[in-house]
Every structure is written in structure tokens, then in C-alpha cells.
Amino acid sequence: RAYGAKRTPEEIEAIGAKFLEFVTENHGQRIETISAAVNIPTSEMQIPIKKLITSGEVKTFGERRATRYFPKGVRPTKAMVDEIKSASAPAATDAE
């Protein structure tokens, strides 16, 4: 595909299928991990992910870079929730 050229609906669907397959087998991964595993840049995955979330096939937990992806019907574990909360909590400072 030429630089700047639009992706076809089939290309977007294929990326979404790879994403969904990986998330189904590997619950709770972040976008960076998924991107590396399926060898697709995160920027290329944004539209397919939005479509999967809108359709209800994928659920998210967390915000921004801490967002983790789950297939429909799978919930994050308590350990995962605690990890996400601790990662997003502001760092303590020793200011006096």
C-alpha cells in the first residue's frame, strides 16, 4: 500500500481478526504487547480496535497506555485490577 493510501475494508477487517484472535488467546494484554506479537504497528490497529469495542467483541479495562483488552465475556482478575491501579496511581514524593 502506498504511503497515505486508505486501507480497504478487507485490510481493516483482517487486522481486527488478528487482534481479536490474539486477545482471545491472551486476555488482558496491553496494545504494545499485542502489536509486537501480531507484528502490526499500534497506529494501524486503532480503527479495527474501535470497531471491535463498538461491536462488543472486545472489552477494555484501564485508561490510556494502561488499557488492557479482553474478549467478550472475560473479566480482568483481581491481581490485574490491582496492578493497573498501582501503575496509574501518582507517585509518592518525599517533599517536606
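Colleague: How much of the chain is buried?
Modeller: Buried residues account for 28% of the 96 residues in the chain. Bear in mind that this is a predicted model.

Colleague: And what pattern does the chain follow along the sequence?
Modeller: The pattern reads α-β-α-α-β-β-α, with four helices and three strands.

Colleague: Let's take H2. Which of its residues are buried?
Modeller: H2 covers residues 31–38, and Ile31, Ile34, Ser35 and Val38 are buried there.

Colleague: How are those buried residues of H2 placed, seen down the axis?
Modeller: They fall within an arc of 100°, so they line one face of the helix.

Colleague: Which backbone atoms does the Ser35 side chain reach?
Modeller: A polar atom of the Ser35 side chain lies 2.4 Å from the backbone oxygen of Ile40. The side chain also reaches the backbone nitrogen of Thr42, at 3.5 Å.

Colleague: Leaving aside neighbours within four places in sequence, what is Ser35 in contact with?
Modeller: With Ile40, Pro41, Thr42 and Met45.

Colleague: And Val38, on those terms?
Modeller: Val38 is in contact with Lys18, Phe22 and Met45, again leaving aside neighbours within four places in sequence.

Colleague: What follows H2?
Modeller: Asn39, whose phi is positive, near 60°.

Colleague: Switching to the largest nonpolar core. Which of its residues touch the most other members?
Modeller: The core has 13 residues, and those touching the most other members are Phe19, Ile31, Ile34, Val38, Met45, Ile49 and Tyr69.

Colleague: Which elements give two or more residues to this core?
Modeller: H1, H2 and H3 do. H1 provides the largest share, four residues.

Colleague: What about contacts between residues at least 6 apart in sequence: how many join residues at least 24 apart?
Modeller: Of those contacts in the chain, 48% join residues at least 24 apart.

Methods
Residues are numbered from 1 along each chain as its sequence is written. This is a predicted model: local features need pLDDT of at least 70, side-chain atom pairs count only at pLDDT 80 or more; totals for chains, interfaces and linings use all residues. Side-chain values use heavy atoms; hydrogens and water are left out. Buried means under 20% relative accessible area, exposed over 50%, partly exposed in between (1.4 Å probe, protein chains only). The arc is that of the directions from the helix axis to the C-beta atoms. A polar contact is a pair of N or O atoms within 3.5 Å; within protein, one must be able to donate a hydrogen and the other to accept it, and residues adjacent in sequence count only if both atoms are side-chain atoms. Contact means heavy atoms within 4.5 Å. A nonpolar core is a set of buried Ala, Val, Leu, Ile, Met, Phe, Trp, Tyr and Cys residues joined through side-chain atoms within 4.5 Å.
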